[in-house]
Amino acid sequence: MKKTALITGATSGIGRATAYEFAKNGIRLIICGRRQERLETIQKALENHTEVHLLNFDVRDKKAVFSAIESLPENFKHIDILINNAGNAHGLDLIHEGSLDDWDAMIDINVKGLLYVSKAVIPQMTERSSGHVINIGSSAGREVYPKGNVYCASKHAVVALTDAMRMDLNPFGIKVAAINPGLVETEFSQVRYKGETHADNAYKGYKALQPEDVAEVIYFAVSRPKHVNIADVLMFCTAQASNTIIKKEI
Ligand code: NDP
Ligand code: 8X3
């Protein structure tokens, strides 16, 4: 039987590439994000490969999260795979110079948003004693770097929540994983630097991971046999050795 996956942050970057990878492999999709036009474009592009349902909500909005997931039509209610991917960095500042709004955004989206979506989806997995949750963490969840403070803290929280979920959901046979990439060339830097011109420099002088590279690893994890759980992955582009060591050609 075909599996159904719900992907948050499917309008761009890693989430969108994962939607394409899953569609190619016949997984039915619930794609989520705030940009309706993009959701519709992706649906059009993928509907020849698989069934696609759209959900437009902000993961920060508790009520919107629950009502979106409750609104799913009967044939999409059974979610086998949850990809908690929506998230971003907002700003890159010394701790005493950071913006409170940026801090709120990162904690509210990357941590609380992930929790709200999980709370809305996981109970139907525990009821059926089956399911697979993949949280998109980051190398920033393993090692902090200068000026990364709150973003790194939010991703450390994602890694901690992933380990905690794996323990709590173990009696139900639910797989839980964190996929933690280093630098991936997406709209991430446009968001972090608020569209400033130096955002374009973030991926210059080396070949960063592409969103499709991460999507392939996510698909690898979801396509393992029932007894295998890829619990934790750290992946870098070859030019990156750690969050602070990147070999760039100048
Ligand atoms: P993008 O900016 O390309 O994509 C971010 C996605 O998150 C978009 O689809 C956006 O959709 C969604 N999103 C953001 N805020 C909200 C919100 N409030 N409510 C709902 N959806 C939201 O970045 P990436 O693809 O790079 O990022 C995806 C994940 O990967 C994030 O969790 C990020 O932290 C993580 N990551 C990224 C790395 C990188 O270097 N790029 C490295 C390691 C991890 P919309 O705006 O339509 O709502
Ligand atoms: C995104 C990668 O290095 O900008 O999580 O934190 S980094």
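In this predicted model, a polar side-chain atom of Ser138 lies 2.5 Å from an oxygen atom of ligand 2, a polar contact being a pair of N or O atoms within 3.5 Å, where within protein one must be able to donate a hydrogen and the other to accept it, and residues adjacent in sequence count only if both atoms are side-chain atoms. Local features need pLDDT of at least 70 and side-chain atom pairs count only at pLDDT 80 or more, while totals for chains, interfaces and linings use all residues. Residues are numbered from 1 along each chain as its sequence is written, chains are lettered from A and ligands numbered from 1 in the order in which they are written, and side-chain values use heavy atoms, with hydrogens and water left out.

**Ligand 2**

- An oxygen atom of ligand 2 is 2.5 Å from an N or O atom in the side chain of Tyr145, and an oxygen atom of ligand 2 is 2.6 Å from an N or O atom in the side chain of Tyr151.
- Of the 240 Å² of accessible area that ligand 2 has on its own, the protein covers 88% (Shrake-Rupley method with a 1.4 Å probe; for residues, only the protein chains shown count as cover).
- The residues around ligand 2 are Ser138, Ala140, Tyr145, Tyr151, Leu183, Phe188 and Arg192, where a residue is near a molecule if one of its heavy atoms lies within 4 Å of it.
- By class, this shell around ligand 2 has five nonpolar, one polar and one charged residues (Ala, Val, Leu, Ile, Met, Phe, Trp, Tyr, Cys and Pro count as nonpolar, Asp, Glu, Lys and Arg as charged, and the others, Gly among them, as polar).

**Ligand 1**

- Tyr151 also has a polar side-chain atom 2.7 Å from an oxygen atom of ligand 1, while for Arg34 the corresponding distance to an oxygen atom of ligand 1 is 2.6 Å and for Lys155 it is 2.9 Å.
- The protein covers 97% of the 890 Å² of accessible area that ligand 1 has on its own, and the elements that give two or more residues to the shell are helix H1 (13-24) and H5 (helices, H or I, of at least four residues and strands, E, of at least two are DSSP runs, numbered from the N terminus).
- Thr11, Ser12, Arg34, Tyr151 and Thr186 come nearest among the 30 residues around ligand 1, a shell that divides by class into twelve nonpolar, twelve polar and six charged residues.

**Cavities**

- A search of the whole structure finds two cavities of 30 Å³ or more, a cavity being a set of points, on a 1 Å grid over the protein atoms alone, where a 1.4 Å probe fits but cannot get out, with lining residues having an atom within 4 Å of a point.
- The largest cavity has a volume of about 70 Å³ (the space filled by probe spheres set on the points, which are joined across faces, edges and corners), and helix H4 (100-128) and helix H5 (149-168) are the elements that give two or more residues to its lining.
- Of the 15 residues lining the largest cavity, His90, Gly91, Trp103, Met106 and Asn149 lie nearest its centre.
- The second largest cavity has a volume of about 40 Å³, and the largest share of its lining, four residues, comes from H4.
- The lining of the second largest cavity has five nonpolar, four polar and no charged residues.

Definitions and conventions. 1 Å grid on protein atoms, 1.4 Å probe; cavity = no way out; pocket = protein on both sides within 12 Å on 5 of 7 lines; lining within 4 Å.
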